[in-house]
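The sequence and structure come first.

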Amino acid sequence: MQPASRHVPPAAALRAAAAFSSSALHSQALAAAAAAAPARLGDPLHSVETPSLTVDLDVFERNCLKLRSVMEGYPSVSIRPHAKAHKCPQLAQMQLRLLGPAAVGVCCQKVAEAEAMVSGGIQDVFISNEVVAPSKITRMVALAAQGAHVSVVVDALQPLEQLAATARQWGASIDVLVEINAGQDRCGVGTPEEAARLAEHISRLSSQQNGSVNFKGIQAYHGGLQHVRDPQQRAAAVQKVVDKAAAAVEAISSKAGLKCQLVTGGGSGTYRLEAASGVFNEVQPGSFAFGDADYARNLQLGGQLGEWQQSLWVLTQVMSVSAARACAVVDAGLKAVSLDSGPPVLLETPNVAAGLVAPPPGSSSSSSSSSSSSDNAGGQLPAVSFEGVEFQNGGDEHGKLLWPQAIPQLPPQLPSLGTKLLLQPGHCDPTVNMYDSIVAVREGTVVAVWPVAGRGPGL
């Protein structure tokens, strides 16, 4: 019996395998390059790769110091900034330092965000959202077992009991707040009586499970009210939230015999109202440190628009220009900007101040701009018209900047090919979630590149 002959690959197959191996190595190299940071320390802003997420640290700090100053008028109210806005432990550390002794920790919306914060040195995290999956409950308890102070909201018995049992197994203790449906009809119990029953059940489990869970208070947060434009209407709407919170506190006291040590809520658009209510003793603004185009449309009591300065920007580059269509296409598309609260906005002042472009002659910035004679490449800065520019979705990798064409005899001054521009995000939170890193800048120079460690869908 003859031995079976061994199959020898033909030469074509060998060449294909070699090509595949070479292609795989090339793909790995490309992947490594793609994972590289978009900037290096000391780089000028105009040399940062695009699209990139950037934060002006000077403005970020001013926003934090403003919040601290306002909240000094409410000494009995703590600040717990919401980390879902930036998902970055380095920025969280900076916030807590700038906000001073009133800052007690951070809020997170997902367990993954809490893990990122604790890994980055933040030791007090409040997950202001329901955690239901047993695997996520275990991960949350593990943070407490490692020494972090962890608190969470509940609105149902099943996850609460799972939490109590898991925390006992790990020898950990979790503070629990009852979430109140503040009117957004999202999560939360619907009546004061439900709140009292759930609070009582938490207290009972605390006794049965050796303090693995502890009743702490309530959360009453209404995200939709953060963007009510008119300040009087905003105040009237928040008063309804305050009334719901007060009714829950009273029911928990009278029916369950328990004291709410903590009543938390309020965001970047309403925090003053909750702080002044006499019911809330903690506020949890998040977007205040960044700002966005949506918050900038909120009317304030003094008549001005927006309370916060813009520190967060998407840096993008012009990749195609059409004078006939009065259009410049940039490389920030759906993968780089969030459109849920409206499109990003192209503003004249920050782009001129950053030395990326020159204002057109006769504009408000042209006389005060000292950078119009030298650009980011050592030549003449392109003069760009800004009035009436609109961002339009161009797809996954394309954004279209459209200039008005009402006066054909006076065509707009479009940016030239390769020009880099700063876009004000429409909504900061989901925009941040699209990026692996955030480029920190002071006076137009990169001073840090930090990972957005808590980004993702929230596993």
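## Strand pairing around S10

In this predicted model, strand S10 pairs with strand S15 (residues 420-424) in the antiparallel sense, over four bridges, and within this pairing valine 314 stands opposite leucine 423 of S15. Strand S1 (residues 52-56) is likewise joined by four bridges to S10, which covers residues 312-322, and these two strands run antiparallel.

In soluble globular proteins, nonpolar side chains tend to be buried together. The largest nonpolar core of this model has 120 residues, of which Val178, Leu401 and Ile438 touch the most other members. Helix H8 (residues 231-256) gives the most to this core, contributing nine residues. When residues up to four places away in sequence are not counted, leucine 401 touches Ala326, Cys327, Ala328, Val330, Leu346, Val389, Glu390, Phe391, Leu421 and Leu423.

## Helix H3 and its surroundings

Eight of the eleven residues of H3 are buried, so this helix is largely enclosed by the rest of the structure. The buried residues are Pro89, Leu91, Ala92, Met94, Gln95, Leu96, Leu98 and Leu99. They pack against helix H2 (57-71), strand S2, strand S3 (106-108), helix H4 (111-119), strand S16 (437-442) and strand S17 (445-451). Just after H3, glycine 100 takes a positive phi of about 80°.

## Salt bridges

Side chains of opposite charge can pair when their charged atoms come close. A search of the whole structure finds 13 salt bridges, and one of them is formed by the side chains of aspartate 124 and arginine 80, at 2.8 Å from N to O. This pair links distant parts of the chain, with aspartate 124 in strand S4 (residues 124-130) and arginine 80 in the loop between strand S2 (78-79) and helix H3 (89-99), 44 residues apart. Arginine 80 also forms a salt bridge with glutamate 282, where the closest N and O atoms are 3.4 Å apart. Arginine 80 lies in the loop between S2 and H3 and glutamate 282 in strand S9 (residues 282-283), so this pair ties together parts that are 202 residues apart in sequence. Aspartate 124 and arginine 80 are both buried, and glutamate 282 is buried as well.

A further salt bridge joins the side chains of aspartate 294 and arginine 297, at 3.8 Å from N to O. Aspartate 294 is buried, with a relative accessible area of 7%, whereas arginine 297 counts as partly exposed at 35% relative accessibility. Elsewhere, salt bridges that share partners join Asp58, Glu61 and Arg442 into one network.

## Cysteines

A search of the whole structure finds zero disulfides. Cysteine 88 is buried, with a relative accessible area of 0%, while cysteine 187 is partly exposed, with a relative accessible area of 29%.

## Aromatic pairs

A pair of aromatic rings is described by the distance of the centres and the angle of the planes. The count of aromatic pairs comes to three. Phenylalanine 60 and phenylalanine 290 form a tilted pair, with 6.0 Å from centre to centre and 55° between the planes. This pair links distant parts of the chain, since phenylalanine 60 belongs to helix H2 and phenylalanine 290 to the loop between S9 and S10, 230 residues apart. Both phenylalanine 60 and phenylalanine 290 are buried.

The rings of tyrosine 271 and tryptophan 308 have centres 5.8 Å apart and planes at 35°, so this pair is tilted. Tyrosine 271 lies in helix H9 (residues 271-275) and tryptophan 308 in the loop between S9 and S10, 37 residues apart, and the pair links distant parts of the chain. Tyrosine 271 and tryptophan 308 are both buried, and together with Phe288 these residues form one aromatic cluster.

Technical notes: Residues are numbered from 1 along each chain as its sequence is written. This is a predicted model: local features need pLDDT of at least 70, side-chain atom pairs count only at pLDDT 80 or more; totals for chains, interfaces and linings use all residues. Side-chain values use heavy atoms; hydrogens and water are left out. A salt bridge is a side-chain nitrogen of Lys or Arg within 4 Å of a carboxyl oxygen of Asp or Glu. Buried means under 20% relative accessible area, exposed over 50%, partly exposed in between (1.4 Å probe, protein chains only). A nonpolar core is a set of buried Ala, Val, Leu, Ile, Met, Phe, Trp, Tyr and Cys residues joined through side-chain atoms within 4.5 Å. Contact means heavy atoms within 4.5 Å. A disulfide is a pair of cysteine sulfur atoms within 2.5 Å. Two strands pair if DSSP finds at least two bridges between them. Rings of Phe, Tyr and Trp (its six-membered ring) pair if their centres lie within 6.5 Å; planes under 30 degrees apart count as stacked, over 60 as edge-to-face and the rest as tilted.
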